[in-house]
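Student: Could we take a close look at one part of this protein together? I'd like to start from a single residue and then see what lies around it.

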Amino acid sequence: GNALKFTRRGTVVVRVMLDETDEDGDDDMASIRISISDTGIGLSEEQVSRLFQAFVQADSSATRRFGGSGLGLFICKKLVELMGGRIGVESELDSGSTFWFSLNCVRQTQDMDSNTETETLAGQALVYDTHPLARLAVRHALESWGLAVTEVGDCSSLVETAHGETKFNLIVIGVSIPQLPESRLAELLGKLQQQRPLLLLVNSIEREQLNRLLNLGADACLSKPPRRDPLRHAVLELLGVEPDETGDFIERRKTARPGMPDLRGARILLADDNEINRKLIALQLETLGIEVCNAVDGRQALEFADRHTFDLILMDLHMPELSGEQAAQSIRHGTGPNRRTPIVALTANAFSNDPQRLAGNGINECLIKPISEYRLWEAVKQWTGNKAEASGAVPEMKNRREELARELMSMLINELPQQREQFIAAFRAADWTSLRELAHKVRGSAAYCQVKELEAVMTDLESASSTTSREIIESRYRKALACIDRLLKQQRTTDNENSTSQ
């Protein structure tokens, strides 16, 4: 995260290496070293000496420019040391940094033959990419499978080498769009038509674009940088080698996803002032057969809890007038029927999750939003005491998911114009509390609708409104407005297209 934050141009490289030295001479142990190198702003010797201390940042102006609490590297250091490892940094001012940590790990002892790359290939491969590190990554993979690799870094050398004396069994072409537009790429591939097969690596994950580029004349097309397994399968297929079944990708998830519990008959009180969050969680609960009582704020939640009996209460922490913690306290200290009902807090702010403080206010557990469906199931099963497994969803809820996704996105877009005006009013009045509250609310909606760009700018604005200067608040406020404007413009364009097509 820091490498990306402090590197405006250049590269960030993550390396995982097996250390050659074995200090203890223990064959059952292996030392690995993970390094993150960047070409960013770098550090002076004096800054490096203070870097891993709590609440210390290398540059006192970094908080204003980049944000941050000064705790990240301190926490990293403690975690690494708790695992018996070491952590350090090598840096030079204005010349980038390399942060690294090493860990001693127990070697794998079980038979790994079921997940090895058994095919040994032979032949010549030509690899083109303007970026040396991108070429190196592909080269390492190809050479590990037995191919001899020749590298080139410019188009003219690619064409000249491909038509030279060496007969290449495979040509790998790594390109970045728009640095090499489709028209020029088509021209380049045309010059290599007689030199097959051609594997194209492109910096895109859009399936439609990959298929379009494939039709320009390549034999296969993968997103760049390619993962090892897809790259290997593409290479094997292009070389006409039948993949060994034992080399196929193996799912490494340690535990199976939980089965859908059958909670028909259970009653849950759900309190959240954000309608989008509330609707999505309510559907996830109703899918399990649960009766959901919705409260739009803490005061309404307290009213419902005083009058009705529930098996579980889900309470957003961040609500106006009466917060989730205050509502939980009142429920515990009141005379209503839910004094001992489990209360699970919901929050989008990981730093609000202080177990001791929450427990002191009567809260049993805290879930960080956006909450995955499986995590929600697990929590509900745990606190309602119902462990039964059902074979599937409640029938009438199966078709609601896609419909709800469209509904939530529509709600988000429809709310943005009014929220934009509220942002403007709060900023003009220098009301940072209202600005922070609004950013928090929009961030939650964006997270549930998976609008990542909007979620990111709102996170930044919420953070800035709490801790930094007006200059930084204004910068992030303007980015937030620009993001809102882009989303609204995209929606107007989509609406116009739909209207025209009809």
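In which strand is S31 found?

Tutor: Happy to look with you! This is a predicted model in which local features need pLDDT of at least 70 and side-chain atom pairs count only at 80 or more, while totals for chains, interfaces and linings use all residues. Numbering starts from 1 along each chain as its sequence is written, and side-chain values use heavy atoms, leaving out hydrogens and water.

S31 sits in strand β2, which covers residues 29-38 (strands are DSSP runs of E, at least two residues, and helices runs of H or I, at least four, numbered from the N terminus). Its relative accessible area is 15%, so S31 counts as buried (buried is under 20%, exposed over 50%, partly exposed in between, with a 1.4 Å probe and protein chains only). Leaving aside residues up to four places away in sequence, S31 touches M17, L18, D19, L103 and N104 (a contact means heavy atoms within 4.5 Å).

Strand β1 spans residues 12-18, and V12 belongs to that strand. V12 is partly exposed because its relative accessible area is 33%. Together with L4, V14 and V16, V12 forms a nonpolar surface patch of about 380 Å² accessible area, and strand β1 gives the largest share of that patch, 3 residues. Patch members have over 30% relative accessible area and no salt bridge, with nonpolar side chains joined within 5 Å and like charges within 9 Å; a salt bridge is a Lys or Arg side-chain nitrogen within 4 Å of an Asp or Glu carboxyl oxygen. Areas come from the Shrake-Rupley method with a 1.4 Å probe, and for residues only the protein chains shown count as cover.

Now the cysteines. C105 has a relative accessible area of 28%, so C105 is partly exposed, and C76 is partly exposed at 34%. C155, in helix α6 (residues 155-162), is partly exposed too, at 25%. C155 touches Y128 and L188, not counting residues up to four places away in sequence, and its C-alpha lies 8.6 Å from that of T130, 25 residues apart in sequence. The structure holds 0 disulfides (cysteine sulfur pairs within 2.5 Å).

Finally, confidence: pLDDT, the predictor's confidence in each residue from 0 to 100, averages 80 over the protein, and 82% of the residues score at least 70. Residues 60-67 fall below 50, with 16 contacts in the model beyond near neighbours in sequence. Residues 387-398 also fall below 50, with 23 such contacts. Where pLDDT is low, predicted coordinates should not be read in detail.
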